[in-house]
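Please work through the following exercises with the structure in view.

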Amino acid sequence: MNVLILTCSTGEGHNSVALAVEESLRKRSIPCRVKDALQFFPRQIAKTISEGHVWMYRHLPKVYGRGYAQAERHPAAFDRGSAVYSLLETGTDRLYDFLRSGVYDCVICPHVIPSLMLTILRRKWDGTSFYACNIATDYTCSPMTGESDLDAYFVPDAKIVKEFENAGVDPKKIHVTDGIPVRHEFYNKIRKPEAKKLVGIDPDARHILMMFGSMGAGPMRRLTEALRCRIGSDEVLTVVCGTNTRTLADLRIRNLLRKNIRALGYVQNTCLLMDSADLFITKPGGISTSEAVVKRLPMVLENRVSACENYNLKIFCEAGCAIAQEDPEELAVQAIRLLRSPAVLETMAGALIRRRIAAEEVTEILLRETCRKAGISGK
């Protein structure tokens with residue numbers, strides 16, 4: 001089997017899912033290639049989609065949320081002849097040529113854009129024999145997912161299966177996994193005192209980790225200010241700003257004399273930072289929350305964007321592994337209260353336990369289904 005994973009560079013979440021599945025496939029010696037679906041569009045269109053998404057998400061979150069809600073209410077935006085359909089068509093010819101040259105047996109899409117591109121491609125060209133699937137990267141059915149027509153849909157929670165069915169996805173094509181696929185390293189845990197030492201924190205200190213995705217989109221400055229006047233000398237706050245260099249510089253200047261407030265840029269050791277943390281302040285993005293659950297790390301969620309993240313927030317708050325708060329001042333109060341309540345943190349940490357590795361589940365189902373489609377037996 002030869003596999004292509006078509007991700008989409010609109011934030012790092014979809015790329016993280018792609019890497020998680022790629023790891024699982026390569027462990028079984030299955031040839032696999034990861035490709036950004038935006039590379040098949042004309043350069044200016046790809047740049048507009050990628051950079052426009054980041055800019056809107058970071059600077060106009062409420063507008064972004066309203067656009068998402070509009071897409072939910074009007075799935076017909078993908079109808080043939082629509083602007084969205086025409087836009088997606090601009091990349092399908094090059095994608096078709098690429099697929100023919102690679103002879104792929106299976107194409108995996110952790111984003112709705114490549115899922116829709118494959119749907120158009122199959123309508124335009126008969127005889128496309130590859131097995132195609134979509135992996136949900138949020139705990140909801142993203143707008144227009146139901147307008148795609150693939151062979152399988154991987155859903156991270158049984159509670160949202162009905163959403164996919166109501167959107168028009170054939171129930172026989174839906175497979176439920178134990179959460180969203182995250183990289184294998186998140187399933188390995190370093191003891192908290194040791195992890196704290198490794199990231200330069202006193203093993204006895206209580207540690208809050210704040211991270212708002214790779215884009216650094218969130219009220220990090222206001223939250224840091226609210227927490228700065230509340231944390232004690234035996235408590236540490238680490239703020240990961242991602243690619244938001246302006247916020248990073250500002251936080252470093254403002255907290256130059258505060259050794260227990262650390263501002264970091266884009267990091268590669270997220271896994272270790274989570275192991276070292278007692279509490280995680282974040283936006284309810286599908287991937288970061290899924291990583292935290294695998295790490296059994298209690299969360300305080302700040303819902304800035306709404307959109308798909310509203311559904312993620314609901315799943316984890318109802319499970320008991322997170323609380324939510326919109327007001328930065330009140331969020332800081334609740335975060336400190338939780339940080340100083342070890343029994344409550346322990347209960348939250350054990351509220352939702354992942355017993356299976358989602359990426360491995362995806363791989364096993366793909367192997368079974370592609371073998372069945374090819375009419376052969378295999379493991």
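Predicted model: local features only at pLDDT ≥ 70, side-chain atom pairs only at ≥ 80, totals over all residues.

**Exercise 1.** State which elements of the chain have the lowest and the highest mean pLDDT.

*Solution.* The chain as a whole averages a pLDDT of 89, and 89% of the residues score at least 70. Among the elements, helix H3 (residues 61-73) has the lowest mean, 59. Strand S5 (residues 152-155) has the highest, 98.

**Exercise 2.** Determine whether the span of helix H1 (residues 13-27) agrees with its number of residues.

*Solution.* Helix H1 has 15 residues, and at 1.5 Å a residue these should span 21 Å. The end C-alpha atoms of H1 are 22 Å apart, which agrees. The buried residues of H1 include Val 17, Ala 18, Val 21 and Leu 25.

**Exercise 3.** Classify the packing of helices H4 and H5.

*Solution.* Helix H4 (residues 83-102) and helix H5 (residues 112-124) pack at about 75°, with axes 8 Å apart. Angles of 65 to 115 degrees count as roughly perpendicular, and H4 and H5 are therefore roughly perpendicular to each other. Among the residues making the contact are Leu 88 and Tyr 96 of H4 and Ile 113 and Leu 121 of H5. By class, this contact has 11 nonpolar, two polar and four charged residues.

**Exercise 4.** Decide whether Ser 29 and Arg 296 are buried, partly exposed or exposed.

*Solution.* Ser 29 lies in the loop between H1 and strand S2; its relative accessibility is 66%, so Ser 29 counts as exposed. Arg 296 lies in the loop between helix H11 and strand S11; with a relative accessible area of 45%, Arg 296 is partly exposed. Most residues other than glycine have a negative phi.

Definitions and conventions:
Residues numbered from 1 in each chain as written. Heavy atoms only, no water. Axes fitted to C-alpha atoms, helices over the stretch in contact; angles between N-to-C directions. Helix = DSSP H or I, 4+ residues; strand = E, 2+ residues; numbered from the N terminus. Parallel < 35°, antiparallel > 145°, perpendicular 65-115°, else oblique. Contact = heavy atoms within 4.5 Å. Nonpolar A, V, L, I, M, F, W, Y, C, P; charged D, E, K, R; others polar. pLDDT = per-residue confidence, 0-100. Expected span 1.5 Å × (residues − 1). Buried < 20%, exposed > 50% of the residue type's maximum accessible area, 1.4 Å probe, protein only.
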